[in-house]
Amino acid sequence: DWRWQAAFTYLDARFQDAFLACASGPCAMPSVPVPSGSRIPGTAKSAATLALDWRPGTSWRLRVNGNYVGSVVVNNAGDVRARPYVVFDASGEYRLPARSADMRAFLRIGNVLDRRYAGSVIVNESTGRYFEPAPGRTLLAGVDLRW
């Protein structure tokens, strides 16, 4: 009745060559040195997912999963980073198969602990507004009917 899934990603993305970048925009002549070996902005070095499902029979399914994303450099200089985070989600569904139709009722709660974190980043944003907040706790409920 129990199933689990796990995934881990490691990405050591770095610039091979040194180059000059702009400190802010608009910029006609880049002047900020970015050394070779600097982390490429917008990429997390590590990420992981762990999910646990409980399926007692064919009708019920309950799932809890956690997602981890490591820190993300947001500019070429590498001096500003989005902090790492862990977010948990939970969901449940009930399936009712019939002769000519199938019904599924479901409920999902995203970001169960209502964690505040940067859901995405704007790489090299010229005014320093790099971070876009992720949504807080979300709730989705519905019924899916197929015939």
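Tutor: Strands here are DSSP runs of E, at least two residues long, and helices are runs of H or I, at least four; both are numbered from the N terminus. With that in hand, go to the loop between strand 9 and strand 10 (118-121), the place of Asn 111. This is a predicted model, so local features need pLDDT of at least 70 and side-chain atom pairs pLDDT 80 or more, while totals for chains, interfaces and linings use all residues. Residues are numbered from 1 along each chain as its sequence is written, and side-chain values use heavy atoms, without hydrogens or water.

Look at the backbone of Asn 111. Its phi is positive, about 55°, although the residue is not a glycine. Asn 111 counts as buried because its relative accessibility is 4%. (Buried means under 20% relative accessible area, exposed over 50%, partly exposed in between, with a 1.4 Å probe and protein chains only.)

What touches Asn 111? Phe 88 does. Contact means heavy atoms within 4.5 Å. Set aside residues up to four places away in sequence, and Phe 88 also touches Asn 65, Gly 66, Gly 110, Val 112 and Leu 113. Phe 88 sits in strand 8. At 38% relative accessibility, it is partly exposed.

Glu 93 belongs to strand 8 (residues 85-97) and Arg 104 to strand 9 (residues 102-110), so the pair, 11 residues apart, links distant parts of the chain. (A salt bridge needs a side-chain nitrogen of Lys or Arg within 4 Å of a carboxyl oxygen of Asp or Glu.) Glu 93 and Arg 104 are both buried.

The structure holds 9 salt bridges. Take Asp 53 and Arg 55, with closest N and O atoms 3.6 Å apart. Asp 53 is buried because its relative accessibility is 5%. Arg 55 is partly exposed at 27%. Another salt bridge pairs Arg 14 with Asp 12, at 2.8 Å from N to O. Arg 14 is partly exposed at 35% relative accessibility, and Asp 12 is partly exposed at 39%.

Ser 38 lies in the loop between strand 3 (32-34) and strand 4. Its relative accessible area is 15%, so it is buried. A polar atom of the Ser 38 side chain lies 2.8 Å from the backbone oxygen of Pro 35.

Asn 124 is found in the loop between strand 10 and strand 11 (131-133). Its phi is also positive, near 55°, in a residue other than glycine. Asn 124 is partly exposed because its relative accessibility is 36%.

The largest nonpolar core has 5 residues: Val 69, Tyr 85, Val 87, Tyr 117 and Ala 134. (A core joins buried Ala, Val, Leu, Ile, Met, Phe, Trp, Tyr and Cys through side-chain atoms within 4.5 Å.) Ala 134 is in contact with Tyr 117, Ala 118 and Gly 119, neighbours within four places aside.

A surface patch gives the other picture. Trp 2, Trp 4, Leu 50, Leu 52, Trp 54, Trp 60 and Leu 62 form a nonpolar patch on the surface, with about 820 Å² of accessible area together. (Patch residues have over 30% relative accessible area and no salt bridge; nonpolar Val, Leu, Ile, Met, Phe, Trp and Tyr side chains are joined within 5 Å, like charges within 9 Å. Areas use the Shrake-Rupley method with a 1.4 Å probe, and for residues only the protein chains shown count as cover.) Strand 1 (2-10), strand 4 (46-54) and strand 5 (60-69) each supply at least two of its residues. Strand 4 gives the most, with 3. Trp 60 lies in strand 5 and is partly exposed, at 46%.

Conventions: A polar contact is a pair of N or O atoms within 3.5 Å; within protein, one must be able to donate a hydrogen and the other to accept it, and residues adjacent in sequence count only if both atoms are side-chain atoms.
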